[in-house]
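Subject: Structure handover

Hi,

Here is the structure I promised to pass on. Please load it before reading further.

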Amino acid sequence: MIPTHVTADGRRVVVAAALVHRGRLLGARRTRPVSVAGRWELPGGKVEPGEDPHHALVRELREELSIDVEVVGGVPGPLEGDWPLSEDAVLRVLRARLVRGEPAAGIAHDETRWLGPREGDAVTWLDADVAPARTALARLDTWVDFPARALSGQGVVLRVAPLGDGRRGVVVDRTPFHPLDPGWPDQPGDLGSLAGIPVLDCLTGTVDDHGELAVGAGVGARRGDASRTWVVVHVVDAAGDVPRPGSTVDLEVDPGTRLRLSRAHSACHLAALALNEATARFWRKEPPRRDSRGRPFLDQLAIVDSQVRPDAAYDAYRVGRTLRKAGFDLESFLAEAGPAEEEVATLLDAWTGRGGPSRVEVSGDPTLGARRTWVAEVPGGPASIPCGGTHVADLAEIGRIRVSYRPTDEGFAASTTVTPP
Ligand SMILES: [Zn+2]
């Protein structure tokens with residue numbers, strides 16, 4: 001059997017966790033031995049003879065901090081992937097995610113702390129942990145402020161990479177920019193500037209354990225895949241100046257474009273809820289799903305494509321055999337599309353005319369990968385739809401929304417237009 005607790009040159013392997021939860025890295029303060037007491041580390045411990053290093057890390061964190069973690073990757077160091085520790089031992093840093101529990105200090109530690117991307121210097125690390133902790137902090141998912149409607153902010157540049165076609169991608173630790181989501185590309189990326197340089201597009205990217213950046217359609221991973229770092233990529237012209245990694249830059253989102261997209265996105269969701277209400281009478285059976293207002297959720301059951309554009313949106317719906325079997329009568333709806341459009345218009349006029357707060361809920365996770373939900377108050381129940389986009393602060397900001405329906409080969413399409421107040 002190949003010994004897993006030592007390296008090829010016979011040095012003992014000590015595993016340490018780059019444990020990340022909600023965009024923060026866990027640090028733990030040592031109580032022993034006396035020589036290191038009070039210094040902070042990435043928690044872990046020695047790999048036992050015959051033990052798999054991943055299992056060793058899971059075991060150590062369970063024993064020392066009473067948490068369950070899952071290893072999702074590594075933070076490779078300069079010694080064939082490991083980090084220098086001592087003459088007869090190396091540190092192997094593994095990326096992990098929290099599965100269960102809250103870290104509780106035990107015998108080996110007297111304090112733990114979740115550190116944000118700029119808090120690496122807030123604690124005094126053990127000498128051997130300084131470099132891997134810094135590397136791990138530069139590998140956190142991008143913190144995003146667009147859900148709170150931010151238009152400006154400051155970011156620390158983490159990487160600049162060529163994207164081809166004369167463009168470069170800039171990744172920062174925190175940004176107000178909304179990127180296009182490759183999994184559900186409904187709302188285009190924000191435009192604006194970074195350090196005064198025009199941002200031509202904004203995309204979602206991932207970084208793998210070796211620091212390789214994949215962007216847009218090249219991401220090739222499912223949203224939320226924890227083996228990758230999920231980042232916002234600001235696209236700039238490769239010909240001009242680009243700020244260096246480590247520098248702090250001002251980020252400015254173009255407010256006009258953002259507002260027109262936010263109006264359209266909020267309008268698109270209101271139109272979806274109005275569609276659900278106006279088509280409730282075309283269901284011949286109990287529908288498989290209902291929306292937050294209790295109406296049959298035709299929008300979510302049938303939608304196959306959504307395009308949010310400045311003050312406009314386009315949605316394509318497929319009504320196939322499954323949905324017909326489930327009881328939706330497409331032909332009757334299409335025969336009465338005119339009256340349905342009028343009913344939808346009346347509902348939307350009432351909802352936007354009355355106004356009311358609209359917001360994106362994020363549940364404590366500041367990163368791009370967080371689950372987000374758009375929530376607004378409309379008569380007849382709360383409006384609530386899972387959503388990664390941006391929205392107006394109040395429904396009264398949208399103005400007048402009109403929707404038209406037309407048949408397609410697959411089902412039907414909806415065109416939404418916004419006339420701002
Ligand atoms: Zn949405």
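Predicted model: local features only at pLDDT ≥ 70, side-chain atom pairs only at ≥ 80, totals over all residues.

Helix pair

Start with α3 (residues 255–278) and α7 (residues 337–354). Their axes come within 9 Å and cross at roughly 130°.

Which residues make the contact? From α3 they are Leu270, Ala271, Ala274, Leu275, Glu277 and Ala278. From α7 they are Ala340, Glu343, Val344, Leu347, Leu348 and Trp351. Sorted by class, that contact holds 10 nonpolar residues, two charged ones and no polar ones.

Sheet

Next, the sheet. It is open, with four strands in the order β19-β20-β25-β24, and the pairing is antiparallel. Which strands stand at the edges? They are β19 (303–309) and β24 (400–407). Each has a single partner strand, so one side of each is left without a neighbour in the sheet. From one strand to the next, the twist averages 15°.

Look at β24 and β25 (residues 411–419) in particular. They pair in the antiparallel sense over eight bridges. One to check: isoleucine 401 has valine 418 of β25 as its bridge partner.

Where the two parts meet

α3 also links the two topics. Besides its contact with α7, α3 lies across β19, β20 (312–318), β24 and β25. Relative to β25, α3 runs at about 135°.

Best wishes

Notes
Residues numbered from 1 in each chain as written. Axes fitted to C-alpha atoms, helices over the stretch in contact; angles between N-to-C directions. Contact = placed C-beta atoms within 7 Å. Nonpolar A, V, L, I, M, F, W, Y, C, P; charged D, E, K, R; others polar. Pairing = 2+ DSSP bridges.
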